[in-house]
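Hi,

Here is the structure I promised to send over. Have a look at it first, and then read my notes below.

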Amino acid sequence: MLAALLLALSLSVPTHIGEQLAQARLAGTGSYTWFGLTLYDAELWVGEPGYQAGAPFVLELRYARALEGRRIADASVDQMEKMGAGTPAQRAAWRIRLRAMFPDVKKGSRIAGASLPDGGVRFFLDGAPLASVPDPAFGKAFFGIWLDPATSAPGLRAALLKDGAPR
């Protein structure tokens, strides 16, 4: 009982996540590596309904190294394209939007994306509001990078969804 309480206290919900999700809980964590280099650690936060269509969630990435915002934007859109998400015109518009929105990050920087009930996305940088994209097609494509069954990182997807079932 004491061990469970201590674990619960150590996993306190960050304010910006708690404001997006009622009864937020950590569904899973994992790391993304590229040619043996860890680029970021990821956390998936869900509410009581868990991870399911139409339910809000927050995906937060904690960067393990400095990266240019432009490279983050381009890599995101490239992954969307590999999965067949969006039309070429949509992806071009998303690339422009993400390049303008994503800042350069340093080791320890956190970018969180909150999936909103209407399908849009609200972004945070280190817990502070960064930008919003009210486009449901963008939200599906963006979060699909990590959570779609066709992701290029199936191990990370499985780790993020580990405890994503409804409670």
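Let me start with Ser-115, which is buried at a relative accessible area of 12% (buried means under 20%, with a 1.4 Å probe and protein chains only). Ser-115 sits in strand β4, residues 110-115 (strands are DSSP runs of E with at least two residues, helices runs of H or I with at least four, numbered from the N terminus). Leaving aside residues up to four places away in sequence, Ser-115 touches Pro-56, Phe-57, Gly-120 and Phe-143 (contact is heavy atoms within 4.5 Å).

Before I go on: this is a predicted model, where local features need pLDDT of at least 70 and side-chain atom pairs count only at pLDDT 80 or more, while totals for chains, interfaces and linings use all residues. Numbering runs from 1 along each chain as its sequence is written, and side-chain values use heavy atoms, with hydrogens and water left out.

Next, Arg-25 in strand β1, residues 25-34. Arg-25 also counts as buried, because its relative accessibility is 11%. Its side chain reaches the backbone oxygen of Asp-163 at 2.5 Å. Beyond four places in sequence, the residues that Arg-25 touches include Trp-45, Glu-48, Pro-166 and Arg-167.

Then the helices: α3 (residues 69-82) and α4 (residues 88-101) pack at about 155 degrees, with axes 8 Å apart (axes are lines fitted to C-alpha atoms over the stretch in contact, and angles run from 0 to 180 degrees between N-to-C directions). That makes α3 roughly antiparallel to α4 (the term applies over 145 degrees). Among the residues making the contact are Arg-70 and Val-77 of α3 and Trp-94 and Leu-98 of α4.

Cheers

Notes. Buried means under 20% relative accessible area, exposed over 50%, partly exposed in between (1.4 Å probe, protein chains only). A polar contact is a pair of N or O atoms within 3.5 Å; within protein, one must be able to donate a hydrogen and the other to accept it, and residues adjacent in sequence count only if both atoms are side-chain atoms. Angles under 35 degrees count as roughly parallel, over 145 as roughly antiparallel, 65 to 115 as roughly perpendicular and the rest as oblique.
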